[in-house]
Each structure stands twice: as structure tokens, then as C-alpha cells.
Amino acid sequence: MPFKLISNMTPAGDQPQAIDKLVANLKNKVKKQTLLGVTGSGKTFTIANVIEQTQLPTLIISHNKTLAGQLYQEFKELFPNNKVSYFVSYYDYYQPEAYMPSSDTYIAKEVQINDLIDKLRLEATSNLFSSPNNIVIASVSCIYNIGDPREFGSTTLDLKTGDNWSRRGLFEKLVSLFYTRSELEFKRSNFRVRGEVVEIWPSSADWMIVLEFDESNKLKKITERNPFSGHEFNLQTYKLFPAKQYVGAGSSDIKGIYEKIRSDCSAQVKVFKSQGKMLEAHRLEQRVSYDLEMLNELGFVNGIENYSLYFEKDRKSGDPPYTLIDYFHHLWGDNFLTVIDESHVTIPQIGGMYFGDVARKKTLVDFGFRLKSAYDNRPLKWDEFYSRIPQAIYVSATPSQFEYDDCAKALSRQSANAQNIVEQIIRPTSLVDPPITIKPTLKQIPDLISEIQKRVDKHERTLVVTITKKMSEELAQYLGKTFKVAYLHSDIDTLKRSGILDQLRNGEYDVLVGINLLREGIDLPEVSLVAILDAGQQGFLRSRSALIQIMGRASRHVDGQAILYSDVVSPAMKMAIDEVNRRRVIQQKYNYENNITPVGISKSIRPQIIENPVETRNRASLQPILEVDILSLTPNMRKNHISKLKKEMRTAASDLDFELAIRLRDKILEIEKL
């Protein structure tokens, strides 16, 4: 089915011209372009329209799985009849293998896999092979190794009514696809037999496939059935994909692989001995021997990914890994679109993943814990990733210099009339960016109190941004003598943050004081003033991008204003102010020429998730176990407490409540250190 956007909204403001330019550039094969969309301009809706008009398979990359989840929900709503998939890291809890030479501490790998996300990942890769009309929302995990897409696409079971199957042949084929026979517990990636009926629960589905055979082993009926409601309908054909994405080991010469691993181990042991590193040589020899014994007996070992190179065809040491992006290349060549959301954050994250990975593994290899093949189980390097995204749109309210330079480089290869920095400055609401006032630091607090009072008198809200946690604490305490003040900082648990923001919106607080938590992704239409203390300080918290993002919090109010307290105008301040003023001129001119008077938006406050019974359990029952005084517990009590926390962590992650799962994980790590 072709992409069909379904929404009661229509493009407005700058959206129509942005859509037209982006689509024209894609049709003209412009390789890289940037959508510079101000806060509240509807960038997601613009990209959805671009996808509908170009009909390109699309990979959208976000810098964390929570934002990816939000995008997944939005695109599912905009494209309800198309395949929209979610591909993020499937670990609820991940402690990578590491070694710290300074304290001679080895940390074994420990993971907890989220079954639901595993299903969604398999659904994503299966969907890609079923139709070109696919949108995949991914986190940066899409640059990690998942195996050769050619192996995944060719290792399938094609079922068709009327075909003859021997029972043994069918079962062997299912096992080769990593399906397990289970007569008691029936779940994903299992199959079972009921007389002449074989039931299969696909690894990427919420329903099962029922195969009915006649006495001559002819497949007479294929039924798709919901295992809970019993709803079903008949099929003529069905393609079953593997229960794992990494299927290389299934068709490899296992004996030859083991010999190659032993050979490489012997070579590295000789190197260690020649360097006088007898401990490292013994350690490596012992580790590899143990791993091979486990692989031979069980077919699996903790850390098997460190040997992945040996199981992959046509891949040599140093070659880039096969990732989700290779699925797009394998199926459609260069005819697909990559969208990098919040590119000013996502691009540096993608670029840095390889270096963190290789630094950790270098210590493991140098001290004899792993073979050099561990280096090859890695994320893509930046240049490898960049060469794999033929047409990309960078999306951000504050693109970095890289985006501008990269678009300029791409533009030099195109027509002189092309324009690949596409601005979306005019909001559908016609609201303008807030005016900016610079005030001296002398008597800044009395002046701030005066400004806050003006907003309180009009039932409006204020955000105050400081540079240090200590300053935020003291300022919140001081302002609390006059106003209703909340202090938002990193130590406040995630469950409470959204509640504090809602309380600010409904008037329980007049002022919110914070450091760096107010930059992106917070929608507060009631806020009419953003006050930034120490605005002239140089650094990450006062960079050009950070200042623009912070000031953007006041752009959803018709009387929004930003006040910067500083005795100097830093280069970052000047660039941020110049950019906001440039946008204001464009917005005001548009409103004047079209005789538009901006009107403030009124946005309802979403019901608290506490109304959800799962979240009620989280709030009511988890707070006591999170606040237990762990120093008062005996070692055995701590072990029992860790077990409780891990159970709740898995439950929270299965509910896709990643913030709560992270909080529980951090508590587990805190106890384990004791």
C-alpha cells in the first residue's frame, strides 16, 4: 500500500513551502539538506508530508529511545495503514564487559533483554522485506551489527496451500530458523503440534499461524489467529522470517570456525609470551578454550558477539559491520531517505559511538581477556555511516556548523538554483519568537523579582535558568519567600518531573528554576518569561544552540519575552540573539503582510499517567523500595532487594517506561557497589 497520510491538519505557516523545497530537492537527487524548523513549527508533520509525496522508504534516527518512542507513536497515527516500525536497543539493563587495570577489576557482561522490543526489532526487519512502503523509527542502535541482511532475507520458510511437506522436513526447517518446539509454554518463536495441525508463533507478531495438513501431508489450510481473542482469517501463502536477526552461524562451517578461532588464539598467545606477558597469555588461552567448549556443548556462550566475525560470510577484519541501514541498501539501493532528528545532538552521538566502544575493548584485548576479533563487533564509524545515507534530511531548530558545511558541500554539486537549507520559521499559529532584553547583573535578583511579579499578576509563568545546581537551590529558596517556586534538577526522579511541569502549567507554581533541563522537548504554553542568569558565560550550557533552545521555551506565548542577565555579550550570546532577531523579523513581516494578529494557544494538560493502573503501581509501590536505607541492610537482604528491583525494572521496561527502568537500574548499581 502506498504511503497515505491521514490527519485533520493541513500544512500551514511555513510548512507548505518547506515541504515543496524538500520534495523538489529529493527529486533532484540533492544528497544532504537541513530542515531548520523553529520550536513549535511542526517539523514532524512536515517530514510526514515529504514521505507521502516522495513515497521513499524512510529511516528516522533519534538520539534516544524515549524520543524515538514519541516519534513512533506520532508516525503510527499519521500513517495508520502503512508499516511503521520501532527499532531501538532491546536491553532493559546493559552492563558491558570491561576491565580496569588500575584496580585489577574485571566486570562481566550482564544484560536483561526486553522481549517486547525484541519483537518490534524483528518486526522492523521483517516489514522491510515485505514492502517498500516502510517507515522505521530508530535510535542510534541502528549503527550496531545485526548480521547480513542477505542471510536474513534468504533464510525464510515459504508456505503455500497445496504444497506437500514431510513432518520431519518442516520441523527441521523451523529449527533452522531458530524456532523452538514447545508443548507446554507457547510464546513467540515457538511451534507446537496438535495431531495434523502445526501452530507457529512468529517472532515478530502478536498472532500465530495455524497450518492444517491432510493425511497425505498436503498443506490444505493456513490460518492467522489471535491467540487471545480467537479472531482469525485464512491465508493462501505466508513467509516466515527467522526468529533472530543474526542468522550467520546457522549456515556456517562450525568445525572450520572453531579451528580458525584456535589458530588466532595460539598466534596471540605467542605474541604475549614473546613480550613476557605470561599472565595475559594464560588468561587468553583459558578464556578461549572455555568459550569454545561452551559453544560446542550448548551452541552459545556469554560474549559470543566477540566471535561474530568468524560466523559472517564475506566479511574480513576491519570491514564495517552489517547494520539496519544495510537492509535499506540491500532492498532499495540508494533509493531511500534518512531523517536525522535533533541533528545537533544525534550526529555527534553517532560519531562518538565507535571511539567509546574501541577504547573499552582495547583494554580487554591488551590484557588477554579477548581476541582481536572483539574489535570487529562494533558500531559504524562516522565515515562508514555517512557513506551509507545517500539522501538525508537533518532536522533541528539549532543546526550545528556541520550541517551547514555539509549542505554547502552537497549544494556545490547541484544546480545553482538549488537551496538545501530549508527554513520553517513561520509557525502554523503565527506566534513570533520572544523579544530579547539584555540586563546587567547588578541588582539582577530584585529586577528578576519585579519581572516575575508582572507575570504573576497576569497569571503567567516564568522559567529561570542558572549555571550551577547550588545557585539554583539558593535562588529557588530565596524566590520561594515571595512566589510559589519549584526547583527542577537532575536528582528529581523522572516520574516527578512531568508532574512538576503540569503543576507549573495549572498554576500550582509561578516559577520554575533549573539548570539544563529546560532546553528541549518541553511544551509550556503558559510560560511568558524566560530569564537566563550568567548568560555571558562560555561553555556548553551557554552555547549558541543552548541559548536558542532555552529562549524558545517562551515562543509559545503571545507575550513571550527572554531576559539575559550578563555584563558582557559573549560570542555565543551574540550569535543566538542575532539568529532569534532574524527569525522575528521574518515572522513579523509575514504577519503584517497577511494581516495576521497572533493569538496565544491554549493547550489542555494531558491527564496524569497515574490514572493508568500500571503507573499507579509504579508510583504507589516502587517509592518505598527505592527509598530503602541500603546501608541498614545485611548482605543477604541486599541480594533480596536487588532481586525485587530487577523484577520491577523488567516490568517497567516491558511497559516502555524507560525512565523508570533507568532509575531502578541505577539503584541496583548503587547497591551492587556495596
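This is a predicted model: local features need pLDDT of at least 70, side-chain atom pairs count only at pLDDT 80 or more; totals for chains, interfaces and linings use all residues.
Let me begin with a term: helices (H or I, at least four residues) and strands (E, at least two) are DSSP runs, numbered from the N terminus.

Residues are numbered from 1 along each chain as its sequence is written, and side-chain values use heavy atoms, with hydrogens and water left out.

First, the chain as a whole. The chain holds 21 helices and 25 strands. Its radius of gyration, taken over C-alpha atoms, is 28 Å, close to the 26 Å given for 674 residues by the globule rule (2.2 Å times the number of residues to the power 0.38), so the chain is as compact as a globular protein of that length. Taken along the principal axes, the box that the C-alpha atoms fill is roughly 85 × 60 × 55 Å. Of the 674 residues, 51% are buried, where buried means under 20% relative accessible area, exposed means over 50%, and partly exposed lies in between (1.4 Å probe, protein chains only). The chain exposes about 31200 Å², and carbon and sulfur atoms supply 53% of that area; accessible areas come from the Shrake-Rupley method with a 1.4 Å probe, and for residues only the protein chains shown count as cover. If we take contacts, meaning heavy atoms within 4.5 Å, between residues at least 6 apart in sequence, then 73% of them join residues at least 24 apart.

Next, a pair of helices. How do α7 and α8 pack against each other? Helix α7 (residues 254-274) and helix α8 (residues 278-298) meet at an angle of about 170 degrees, and their axes are 8 Å apart; the axes are lines fitted to C-alpha atoms, for helices over the stretch in contact, and angles run from 0 to 180 degrees between N-to-C directions. The two helices are therefore roughly antiparallel to each other, on a scale where angles under 35 degrees count as roughly parallel, over 145 as roughly antiparallel, 65 to 115 as roughly perpendicular and the rest as oblique. On the α7 side the contact includes Y258, I261, R262 and C265, and on the α8 side the residues include M278, E280, A281 and L284. The residues of this contact divide into 11 nonpolar, two polar and four charged, with Ala, Val, Leu, Ile, Met, Phe, Trp, Tyr, Cys and Pro counted as nonpolar, Asp, Glu, Lys and Arg as charged, and the others, Gly among them, as polar.

Now to helix α10 (residues 324-332), where L324, I325, D326, Y327, F328 and W332 are buried. Which elements do the buried residues of α10 pack against? Their partners are β2 (58-61), β3 (83-87), α4 (115-130), β8 (134-138), α5 (149-154) and α12 (382-387). Just after α10 comes G333, with a positive phi of about 60 degrees.

S182 is buried, with a relative accessible area of 15%, and, not counting residues up to four places away in sequence, S182 touches N190, F191 and R192. S189 lies in this loop as well; its phi is near 70 degrees, a positive value in a residue other than glycine, and S189 is buried at 14% relative accessible area. D104, in the loop between β5 (98-100) and β6 (105-107), also has a positive phi, of about 50 degrees, although it is not a glycine. Is D104 buried or exposed? At 53% relative accessibility, D104 counts as exposed.

I will finish with two residues and their surroundings. L463, in strand β21 (residues 461-465), counts as buried at 1% relative accessibility, and its C-alpha atom is separated by 6.0 Å from that of V513, 50 residues apart along the chain. K484, in the loop between α15 (469-479) and β22 (485-487), counts as partly exposed at 42% relative accessibility. Leaving aside neighbours within four places in sequence, K484 is in contact with G507, E508, Y509, D510 and V511.
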